[in-house]
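Reader: I would like a close look at one part of this model. Please keep the account plain.

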Amino acid sequence: MDEQKENDVIVEVHNLVKVFKDFWQRPKVRAVDGLDLEIRRGEIFGLLGPNGSGKSTTIKILLGLLHATSGNVLVFNRSPRDVEIKARIGYLPEESYLYNYLSPCETLNFYGRLFDLKNSVRKERIWQLLEMTGLTHAANRSVGEFSKGMARRVGLAQALINDPELVILDEPTSGLDPVGCRQVKDLMLTLAKRGKTIILSSHLLADVEDVCDRIAILYNGSIKALGSVNQLLEKQESVRFTMPSLSPDVMKKVLELIREKIGKEPEVDHPSMNLEQFFLEVVEKAHKATSQQSGVAPTERMADYLLIKDK
Ligand SMILES: Nc1ncnc2c1ncn2[C@@H]1O[C@H](COP(=O)(O)OP(=O)(O)O)[C@@H](O)[C@H]1O
Ligand SMILES: [Mg+2]
């Protein structure tokens with residue numbers, strides 16, 4: 001029974017409270033206020049909420065970086081402080097603290113060593129990750145010279161070097177251009193398909209809507225809405241048809257029939273693509289038309305080792 005449970009529920013949080021105290025030990029901020037959560041294997045779970053709503057604090061408690069004031073937290077059915085689970089978790093902090101004088105290659109090498117990865121495994125993963133994040137051509141420049149988006153990519157690669165089962169990403173797309181955002185979203189989808197569990201914190205709603213299975217909306221440290229994105233957003237009371245354009249007389253007949261049934265004029269329009277889709281198409285066309293490339297490369301392949309399904 002317990003084993004079954006360990007396989008399914010990756011994160012369990014009950015009545016979590018975190019109060020930050022001031023210098024005199026007086027309660028200052030109730031950053032997390034009675035949080036309940038259960039996150040299952042293979043899920044992409046979104047923690048949403050305005051700035052200061054307690055997302056990062058929750059994440060830091062899950063990682064054992066902060067002590068909860070009260071409540072219960074289990075990660076892989078163990079205390080977040082348990083060192084044995086560290087190797088199973090990958091973390092991209094809100095502010096990447098990369099060493100400015102190291103190159104992406106050296107950075108990844110450093111983290112690979114922390115996880116005790118064998119030389120050969122480490123080298124292979126590093127090159128696959130650099131390729132995946134579009135940084136191969138900048139592999140030996142120092143991270144200090146990078147744009148915010150490029151540094152974010154290094155942080156992301158670093159979070160994946162240990163092939164973690166649980167990936168926790170705090171604002172992963174902040175500072176990334178739309179192409180980078182799409183890549184990070186696709187990466188999350190691929191990882192989840194391979195059985196990884198992902199917790200994503202963001203205030204960028206479009207990102208969350210695209211990839212998350214379930215979301216929680218935090219406000220002042222407590223959950224104001226929780227559920228599957230489809231469930232929360234679906235408008236049960238209306239229906240939309242999409243089909244090739246109709247000839248004017250067929251259209252007239254269809255509209256007449258609908259008008260008769262619902263007693264008013266239905267809304268009719270042409271579906272439009274969203275701005276992200278449009279932007280990506282424009283950039284891809286431009287990329288195909290030029291041989292010269294600035295910044296990061298737009299199309300990269302997934303690191304092979306991340307494609308091996310967890311047991
Ligand atoms: N180390 C800290 N000391 C005191 N207050 C903090 C600390 N970290 C976060 N807070 C406060 O806790 C609240 C939640 O912060 P945070 O979890 O970072 O929010 P979010 O990630 O949702 O933007 C904020 O009011 C913030 O000022
Ligand atoms: Mg935050």
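Which residues are around ligand 1?

Author: The model is predicted. The residues around ligand 1 are F20, V29, A31, G49, N51, G52, S53, G54, K55, S56 and T57. Two elements, β2 (27–40) and α2 (55–62), each give two or more residues to this shell. The largest contribution is that of α2, with three residues. By residue class, the shell around ligand 1 divides into seven polar, three nonpolar and one charged.

One of the two contributing elements, β2, also belongs to a sheet. Three strands form this open sheet in the order β2-β1-β4, with antiparallel pairing. Its edge strands are β2 and β4 (70–75), and each of them pairs on one side only. From one strand to the next, the twist averages 20 degrees. As a general point, strands of a sheet pair through backbone hydrogen bonds, either parallel or antiparallel. Here, strand β1 (residues 9–21) pairs with β4 in the antiparallel sense over five bridges. E12 stands opposite L74 in β4.

As for the setting of this part, the protein chain has 10 helices and nine strands. Its C-alpha trace spans about 70 × 55 × 45 Å along the principal axes. Of the 311 residues in the protein chain, 34% are buried. Among contacts in the protein chain with a separation of 6 or more, 72% are between residues 24 or more positions apart.

Key:
Residues numbered from 1 in each chain as written. Chains lettered and ligands numbered in written order. Predicted model: local features only at pLDDT ≥ 70, side-chain atom pairs only at ≥ 80, totals over all residues. Near = placed C-beta within 6 Å. Helix = DSSP H or I, 4+ residues; strand = E, 2+ residues; numbered from the N terminus. Nonpolar A, V, L, I, M, F, W, Y, C, P; charged D, E, K, R; others polar. Buried ≥ 20, exposed ≤ 12 C-beta atoms within 10 Å, placed from the backbone. Contact = placed C-beta atoms within 7 Å. Pairing = 2+ DSSP bridges. Axes fitted to C-alpha atoms, helices over the stretch in contact; angles between N-to-C directions.
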